[in-house]
Amino acid sequence: MNPFKRRTGVVPSYFTGREKELKELKRILDSTKNGDSGNIIFYGSKGIGKTTLLLKFQEEFENLDDVYIIRVPLVEGDFNDIYNLIVDKTADFLNIKVTSIWNSIKEIGVNVPIIGGFTLSRDIPITSPTVALEKILKLIFEKLKGKDPVLILLFDDLQRILVNEDTQKILSIMQNALVELNIAKKKIMFVATGSYDIFSKIVEYTDSAVRIFDPYELGPLSFEDTKKAINIPSKKEGVVFDDEVIKRIYNVSEGNPYYLQVIAHNCFNEADNNKVTVHTFEKSFPSILSFLAQREFKTMYEHASNEEKKILAIISQSNTEVLSYNEIKIKYNTNSEPSIFLKSMVNKNLLIKESRGKYKLRDKMFKEYLKTFKPYEENGSLTY
Ligand SMILES: Nc1ncnc2c1ncn2[C@@H]1O[C@H](COP(=O)(O)OP(=O)(O)OP(=O)(O)O)[C@@H](O)[C@H]1O
Ligand SMILES: [Mg+2]
């Protein structure tokens, strides 16, 4: 059985590293227990391990006395969906009927739109979101057992609800509800995850007073953690990866666990006599790239404008990893300024701005894709 995963959002067969992050979560949990509630948001690029960290945290701490961890995966949608998601997940978790929670909500006079756009009551006005969220959370507290329970809500993919004016208010609403809950001495902790650019989105749309979440950037895995993530599950299946292959995987994946899993998955399938050698790795690499091309890289490339595609071609063909603005401008070779395109490419996470006026591609795997597939050659005007 192949122990490696080819998708994000799935539990790895062996969880590696993240000791620092789990310690930080434990610290916030203890502080919340002691009456000083804390909230954190882990952000980072695709596949860096955000969902997996939440799952691990849940697994490690859900059996503590009086600690209730409810995971709420967010979906793109309307603000009201938040109530529905929270209520649904709570009902699941507590093993009670969703309708029984909605009935209790109705009984305390909260009137909010529920699934399908209906409101609970036609006779009373709709409850304001802050009050509704506060009351719904207080009601959930009442359903929890124990004298002084700690409720932890895990919101995965916060960027999904920052899509329109209404949902952008969620952070201030959460903040207000939190203040009220703290006054009522209810112990609640929010842990969220978000895309690499979540903070720029939050800052853009909400008042800077909204500081309910401590930002924490989730970084890549270390070499040692990468090594364990590959060796431990593969050895269990009787397959051995050469040290040299592990170095190559670490180098090209740059410690991104999603890439690591995809690469290891393909190499595992190609193992010869239960061994993965550099030869196996090299043989598998083209299919790894085409898998990732179909999954993400092609769309990322196609979402770039023609000018941006040209810049991608320039950077991917360069021998150096980082290019300066001047080098790009010379190769760009037109009268127009590349700066606005560079800025938009950084925003789209196609490029990373290393320092002032220095740019590189978002990651090595994407660079390998561009170099190998040369998608810019399909369009004659972009050939170099
Ligand atoms: N600590 C870890 N040890 C081993 N594998 C991991 C670890 N973290 C993540 N992975 C694996 O890497 C892949 C990506 O992880 P995950 O889905 O958590 O990333 P993500 O940041 O939530 O991605 P997305 O941006 O798509 O939501 C998954 O296959 C997961 O099993
Ligand atoms: Mg995720």
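**Entry 1: domain 2 against domain 3**

I looked up the contacts between two domains and found eleven residues of domain 2 in contact with ten residues of domain 3; two residues are in contact if their C-beta atoms, placed from the backbone, lie within 7 Å. I noted that this is a predicted model, in which local features need pLDDT of at least 70, side-chain atom pairs count only at pLDDT 80 or more, and totals for chains, interfaces and linings use all residues. Residues are numbered from 1 along each chain as its sequence is written, while chains are lettered from A and ligands numbered from 1 in the order in which they are written.

On the side of domain 2 that touches domain 3, I found α10 (243-253) and α12 (278-302) each supplying at least two residues. Helices (H or I, at least four residues) and strands (E, at least two) are DSSP runs, numbered from the N terminus. The largest share of that side, six residues, belongs to α12.

**Entry 2: ligand 1**

I looked up the shell of ligand 1 and found 22 residues, with T8, P12, G49, T51 and T52 the closest; a residue is near a molecule or strand if its C-beta atom, placed from the backbone, lies within 6 Å of it. Both α2 (50-61) and α11 (257-270) supply at least two residues of this shell. By class, I recorded eight nonpolar, nine polar and five charged residues. Ligand 1 lies between domain 1 and domain 2, because both give residues to its shell.

**Entry 3: the parallel sheet**

I traced an open sheet of five strands in the order β2-β5-β6-β1-β7, with parallel pairing; two strands pair if DSSP finds at least two bridges between them. β2 (67-73) and β7 (214-217) are at the edges with a single partner strand each, so one side of each has no neighbour in the sheet. Neighbouring strands are turned by 20 degrees against each other on average, direction ignored.

Seven bridges join β2 to β5 (residues 150-156), and V72 has F155 of β5 as its bridge partner. Helix α1 (residues 19-33) packs on the sheet and touches β1 (39-43), β5, β6 (187-194) and β7, its direction making about 155 degrees with that of β6. Axes are lines fitted to C-alpha atoms, for helices over the stretch in contact, and angles run from 0 to 180 degrees between N-to-C directions.

**Entry 4: the antiparallel sheet**

I found three strands in an open sheet, ordered β10-β12-β11, with antiparallel pairing. β10 (323-324) and β11 (351-355) form the edges, each with a single partner strand, so one side of each is left without a neighbour in the sheet. Two bridges link β10 with β12 (residues 358-361), and L323 stands opposite Y359 in β12. I also noted helix α15 (residues 339-347) lying across β11 and β12, at about 105 degrees to β11.

Notes: Nonpolar A, V, L, I, M, F, W, Y, C, P; charged D, E, K, R; others polar. Domains from an automatic or database assignment.
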